[in-house]
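Dear colleague,

I am passing on the structure that we talked about, and you will find it just below. Please read the notes after it with the coordinates open beside you.

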Amino acid sequence: MAIALALLKRRLEYTNELLNVIYRCSACGGCNVSCNYMFGLEPLEVIMELRNKCVEDGFGPMPKHREWPDYIREKHNPYNEDHEKRIAWMQGSIEWDENSDLVYFVGCTPSYRRVEIARETARILNYLDIKFKILYPNEYCCGSPLLKTGQKKEAIELMKQNVKFFKNAGVKKILTSCAGCYHMFKVEYPKNLGTKFEVLHTAEFLDNLRREGKLRFEKSVNLIVTYHDPCHLGRLGEPYIPWEGELVEVIPGVTMPIPPKPVRYGSNGIYEVPRNLLKSIPGIKLVEMERIREYAWCCGAGGGVKAAFPDFALWAASKRIEEAKSTGAEAIVSCCPFCSTNFKDAITATGEKMAFYDLTELVVKAMGG
Amino acid sequence: MIDSTVRKALEEVVGPENVSTDPAILDTYAFQWCGELENLKKGREPSRFLDRPEAVVLPSNTEEIQAIVRICNRFKLKFKAHSTGLGPWAAVSGPGVILMDLRRMNRIIKIDEKNMYAIIEPYVTGAQLQAEVMKKGLNCHMPGAGPNVSPLASSTSLGGIGFTSVYTGYSPRNLLAVEWVLPSGEILRLGSLSTNSGWFSGDGPGPSLRGIMRGYMGAMGGLGVFTKCAVKLYPWPSSASWEIEGVSPNYEFCVPKWWRLYIINYPDWENCENALYRIAEAEVGVMVMRESGTPSLAVTFSHSIEEMANLIFSLGTIVKKYIVVLIAANSQREFDYQTKVMEEIIRKTGGEDLVSTGVFKPPSISYAEAIRNMLGQHAFIATSSFQSTFGMADTIRAALSVAGAAEKIKLKYIDKGVIADDGGEASWGSFIEHGHFMHMETPTVYDVTKSESCKGMVDYMNECYERNLEDNLGIPFFVVGDREHERWGPRCSNYHLWLRKIKEAFDPNNISDSGWYISPGSKKSSSTKEV
């Protein structure tokens, strides 16, 4: 906050260190959880505006992030992978139905880097005979990497393009197994473009099926696990509620928003659902870490940190792995392909004897593989 | 900005990663709560940014601090120690100062359960210490500034009355042995530590220099660096396991058995004062504080600006002068005794307990916040900017005189529209050591985004100071720096001349940033003959 104000007041010139400070934040929203309580402060909004300003002023984002607009414009993903390979994860064994009104938005990371998540999600749907379609070739990056690094203009253009794709395809309900995409469709699209699509994360979708008795677990998975709340599904996954009003001086010297502005405390993210699913799998013992739900420690990968500051991202993940170890867990489970990548990298780098599973992988195991 | 030779010397001590001269980093230290008021006092614009340090250095131990201090002496650079940092005095007081951020020194070195003290480093926070000592059935004192504040800094270098002061005292009185890096770079060990007798006493065996070291309000970085200290601990009657249910913002605290909160309302000062004396005589409670007016109660017990406004409108003018007492007992028998005592006091003094009569039900989380010393932070709810005036510790009678004097001045500035309208009443007082003396201050809310509000707040504070002087209402908070000491010293036994002598004796090169303390003076002003 101090840096943002200093920049606005023209006390500061851009320096490498200034950019490092602004971009070394994983935009996890932990600050919002603390500062929204009692004071209604939203530091994350300030950080995002700070990044937008860095880009507008021609100094941001970090060099690695600058590659993304071109990659996304040309190949529709930030990994510079060929668009045609976006469905390579299917390996010809997945069926989808063009007439379904349920869209499985796979996302760039599950499509190219964490293909096991895409594959297991689709296998579950196929096994349960749930019709879905994918938008490929009209599935592009959701825009998160651009928006989170301050490249807002490019992000909004891309988001508008995606909305056109959704409308053309008659999309009403979006299913995603990526926490980052979920946050975008649940919060950033409504906030920036006013969209009203129904958005479900795989965890929610599968838990609904479990509660309806359509998803049953036949096999025992004997494992002690701890669940890591992804920031984008947890505190940042809380729905966005539009507000229109003004600041009114209700008491001389004291102004407040009228009507009261809905505050996103971070408490209404997706926390119980993945835990309920895990607890319902025979043989799984769920043990909790100290910092969970809206107070979860970020894996360190978000907000462009993994790309620009990989060592810092690994350090953050290694701290979380230490915390997971302290619970006696044999594996960390989560619901985010980006957390998955960072944890797997950190496990390799540190040599820790800790497994990592996406929730869908354990669901498939419990369904009998 | 320091030159490359100095930078290299500092880097050799702490490593290049722990030295910064980047303006973006330096500005985060210049940005301080109430900075705008200090800038106005210096004739500047009301900016929250104070002076930037020339560099920030992060030492990790006493030896590194000694080495940094010696470098400062060698290169004639001033230094300023900074721990958790809250308020203008956490910043450097002017140009040419290197700031030592002590955040890497965050260890609780020892908790001596039997002798009830803890040895801590500068960046241990109150919350950190309390969480650990409660596991051993103990509690620590935390200043009202909140659980985020360093008990070491509060004890050695400032002051700190808190919500539990009725039984945990206040920061300066909790200080035991101290390790102190003098402005020369030498180490001075105070109290029992100086004779290798441990940390249990601030007064011996060995030299007791607590009065010299900190005086009334502390040197605020003007006399070197305090690297370790021992603080007293107190018995904690309840469990360390705090059960909180619900999610933000709707937390529910499972109030432990043998706890009870009273909010006793009085129509006037007279009966309120009578009750305070009786509570002091009875020595009950783990929190005893006195406030007045509905806005004060609303802000203390609400958790959002909407809640605060709703309470102000719904309670109207019901709330007058009130006393808040929290009882936390060790046993059913003690609980019965304390509640009987309270009920008798309420009956005899004609008070009305707003809680038991159902007029106002405090949120359960407020009970936890009382013990965590979080209630003071509620003062930021209304506008994010407040500061206190007066701020003294004396008898109950004197404390109430302050509250009365404050009301009249406050109303004048409310009428001018420069401070928030709390009916002029909002003042906060806390018992210290079972009411043997009492603290009183008047938190006042202003708007940091408006120049006229900041300027009005400075004028209001000045008028309060003048009233302190004219009516002999004690030395208020924040008598810091030469100007204020020169103002108050002549009215208070010329203490400022002695303070200056201390500074000159301990810091002959004036190397420890004296802007929030006192500067070495001229021959005339330092002459003790004139005292």
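This is a predicted model, and I begin with a pair of helices in chain A. The axes of helix α15 (residues 310-326) of chain A and helix α16 (residues 337-350) of chain A come within 9 Å and cross at roughly 80°. Because angles of 65 to 115 degrees count as roughly perpendicular, α15(A) is described as roughly perpendicular to α16(A). On the side of α15(A), the contact is made by A:A313, A:L314, A:A317, A:S318, A:R320 and A:I321, while α16(A) contributes residues including A:F343, A:D345 and A:I347. By class, the residues of this contact divide into eight nonpolar, three polar and two charged.

Turning to the interface, chain A and chain B bury about 2,600 Å² between them, with 68% of that area on carbon and sulfur atoms. Of the area that chain A buries against chain B, 27% is supplied by A:R11, A:Y37 and A:M38, more than by any other three residues. The contact draws on 27 residues from chain A and 36 residues from chain B.

The side of chain A that touches chain B has 19 nonpolar, four polar and four charged residues. Seven residue pairs are found in polar contact across the interface of chain A and chain B, both residues being at pLDDT 80 or more. The elements of chain A that give two or more residues to this side are α1 (2-8), α2 (16-23), β5 (246-251) and β6 (254-258).

Conventions
Residues numbered from 1 in each chain as written. Chains lettered and ligands numbered in written order. Predicted model: local features only at pLDDT ≥ 70, side-chain atom pairs only at ≥ 80, totals over all residues. Heavy atoms only, no water. Contact = heavy atoms within 4.5 Å. Buried area = accessible area lost by both parts, 1.4 Å probe. Polar contact = N/O pair within 3.5 Å; in protein donor to acceptor, adjacent residues only side chain to side chain. Helix = DSSP H or I, 4+ residues; strand = E, 2+ residues; numbered from the N terminus. Nonpolar A, V, L, I, M, F, W, Y, C, P; charged D, E, K, R; others polar. Axes fitted to C-alpha atoms, helices over the stretch in contact; angles between N-to-C directions. Parallel < 35°, antiparallel > 145°, perpendicular 65-115°, else oblique.
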